[in-house]
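Visitor: Could you walk me through this one? I'd like to begin with the charged side chains and then move on to the overall fold.

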Amino acid sequence: MELYFHWFDLLGIAVFAVSGTLAAWRKQMDGFGVIVLATVTAIGGGTLRDLILDSPVIWLTDNSYFLAIFSAAVLTILLVRNRLVIPNNTLQIADAIGLAFFVIMGTQKALDHGTSGFVAIMLGTMSGVCGGMIRDVLCREIPMVFRGELYAITCIFGGLVYVQLLGFGLAQMPAMLAGMVALLALRLAAIRWHLTIPVFGKKANDLR
Amino acid sequence: MELYFHWFDLLGIAVFAVSGTLAAWRKQMDGFGVIVLATVTAIGGGTLRDLILDSPVIWLTDNSYFLAIFSAAVLTILLVRNRLVIPNNTLQIADAIGLAFFVIMGTQKALDHGTSGFVAIMLGTMSGVCGGMIRDVLCREIPMVFRGELYAITCIFGGLVYVQLLGFGLAQMPAMLAGMVALLALRLAAIRWHLTIPVFGKKANDLR
Amino acid sequence: MELYFHWFDLLGIAVFAVSGTLAAWRKQMDGFGVIVLATVTAIGGGTLRDLILDSPVIWLTDNSYFLAIFSAAVLTILLVRNRLVIPNNTLQIADAIGLAFFVIMGTQKALDHGTSGFVAIMLGTMSGVCGGMIRDVLCREIPMVFRGELYAITCIFGGLVYVQLLGFGLAQMPAMLAGMVALLALRLAAIRWHLTIPVFGKKANDLR
C-alpha cells in the first residue's frame, strides 16, 4: 500500500509539473523559468503546508520528487515543440488523480500533527491548490482557482468525507481511499458536466 | 485583560477579513476566492511572523480565528448583495483598531523571542501589513501599502513608542496600551486629515 | 577569512537592496515601499532558504544587515534624486559579486544541514534569485530571472563546480572560492557578451 502511495504521489507531482511547464510556455519563459514554474507548481503547496506544520520539508531528503518534475517538464517541452498536443481531457483526469492523493495525504499529515479536523481539511486543500496559486502569481495572473471552476470545493469535499469517516470510527486506510474516491468523483463530474460555482462580484463589468 | 486581548484580536481578524472579502468582490472571484482572500488578509501577516520566529502558528490550534473570518466574510457578502453599503469611515476606524492591536502584539511576540527592539518593530509591522500585501498580490495589484497613505508608518511609530517606553522601564501592560493608543491616534489623524507621505519616483509619468 | 565573508555578505545585501530601491522608484512607490522592496530583495532568498531548512533566520539576531540595506536604499534615493546616474555596468558587476557569494554560501548552508548536493545547489540558487523574484511579484512584473538572461544558470553552474570539487576531495575553503570564481566568470561573460538562453514558448506572439 505504502508503495502505491509513493507512486501516486509521484504521479501527482508529475502532473502538476506539466501544468507549470505549460504555464511557462504560454508566458514565453526561458528554460530556467520552465523548471521553476514546474517545481513550484508541483511542490509549492506541500512545502507551505510543511512550513506551517513545522514539519521537515519532504523534498529536502528525497530526490525522486525532482526526478519526476524534471522528467515531466522535459517531456512536456519535447511534446509541445513537436506540436504533439496533450489532450486536455487526459491532463485534467491525471490532475484530478494527483489532486485526490495530495489533498487526502495533506489532511492526514495535519491530523498526525494534532490539528482539528477543520484545520486539517484546510491544510489538505492548501497542499492541493497553493502550488497552482504560486504558479499563477509568478505568471502575473489572478489564481485560476478563484475563477469559479469546481476545483477547490472538491478538495474540501474530499477532506470532509475523510475526516467524517474517521470520526465515525472507520480505520485510516479505508477512510483515506473513500476520501480520495469522493474527491475524484466530484472533480471528474465537474470536468464532465462543466459544473461551476457562482462567481461573486460586479456582474455587469467584465473581468480586469 | 487577557480576555479583552482575545476579543480585540478577533476584532482585528474580522476587520481584515472584511477587507479581503471586498477585494475579492471587486475582482469577481468565486466563493472559494472570497474565503481565501478573507483568510490570507486576516492571518497572512501573523503567519509569516510566526514562521520567521519559528513559533507555532497560532491558528493551527484555535478555530475561533476561522469562525471570526467566515462570519465576517459571509456577513460582508450578504450586505454587499443587498446593496447595503458599509460606510468607508466605519471600516477604516475598525481597521485602525485591529491594526493597533496586531502590531503591538506582534512586536511583543518578537521581543518574547529575544529579538532586538528594531527587529521586533519590523516584525510587528509585518504582522499588521503583510496580510494586505498578499491580498493585493493575489488580486494582481501593487500592494496598497506602498502607495503613499500613512499606514505602515503608523505601525512603525506605534511599535517605536512601545519599545521606547519599555526601554524607559515602564511595565509591559501600560507600555502596550500606550503603543496602541499612539498608533491609533496617528492612524485616525491620517484618515481624518488625509495625511500622506511623499511618493518617490518618476513624477511626470503616470502609474503603470 | 571569516571576516572577509561577512563583508562580502554585506556587499551582496547592499547591492540587492539597490536593485530593490530602483524597482520601487520605477513604480513610484512611497518611502515605505522603497524600504520594503529593498529589504525583500536583499533578504528574501536567504529567508526562504532558512525557513525551508528550518534554520534560524539570520537577520533576527544581526542588525548589521538592516544597516547595510537602509544605507544602500537612502544612498540610492539621494543619487537618483540628484540625477546622478549609477552606471549600469558597475551595478551589474557588484550584483555578480554579491550573487557569487550568496549562492555558494547558501549551497554550503544546505550541505551543512545534510541535504544532497543536488538539493544544496537548488537551495543555493534559491538564495540568490528568490529575493529578486519576490521584488518583481510585488511590482506586478513577471520575474526578470525567467526572461532569458544568463543569471540563474550561472548560479546553478557555480553551485555545481563547488559541490563537484568537494566530491573530488578538495577542502571546503578552496572549493568555495573556486565555485564563486566560476559563477562570477560565467556571469561577467554573460554581461560582457550578452549571452542568453533560448526563451521557450509561442515565438510569433509578443510578450504580454
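Guide: A term first: a salt bridge here is a side-chain nitrogen of Lys or Arg within 4 Å of a carboxyl oxygen of Asp or Glu. This is a predicted model, in which local features need pLDDT of at least 70 and side-chain atom pairs count only at pLDDT 80 or more, while totals for chains, interfaces and linings use all residues. Side-chain values use heavy atoms, without hydrogens and water, residues are numbered from 1 along each chain as its sequence is written, and chains are lettered from A and ligands numbered from 1 in the order in which they are written.

Visitor: OK, how many salt bridges are there over all chains?

Guide: The search of the whole structure finds 12. One of them joins the side chains of Glu141(A) and Lys27(A), with 2.8 Å from N to O.

Visitor: And which parts of the chain does that pair link?

Guide: Distant ones, 114 residues apart: Glu141(A) lies in the loop between helix 5 (117–138) and helix 6 (152–167), and Lys27(A) lies in the loop between helix 1 (2–26) and helix 2 (31–53) of chain A. Helices here are DSSP runs of H or I with at least four residues, and strands are runs of E with at least two, numbered from the N terminus.

Visitor: Is Lys27(A) buried or exposed?

Guide: Lys27(A) is buried, at a relative accessible area of 15%, whereas Glu141(A) is partly exposed at 32%. Buried means under 20% relative accessible area, exposed over 50%, and partly exposed in between, using a 1.4 Å probe and protein chains only.

Visitor: What does Arg49(A) pair with?

Guide: Arg49(A) forms a salt bridge with Asp50(A), their closest N and O atoms being 3.1 Å apart, and both residues are buried.

Visitor: What about Arg135(A)?

Guide: The side chain of Arg135(A) meets that of Asp136(A) in a salt bridge of 2.9 Å, N to O. Arg135(A) is buried at 10% relative accessible area, and Asp136(A) is likewise buried at 8%.

Visitor: Switching to the fold, how many helices and strands does chain A have?

Guide: Chain A has 7 helices and 0 strands, and buried residues make up 56% of its 208 residues.
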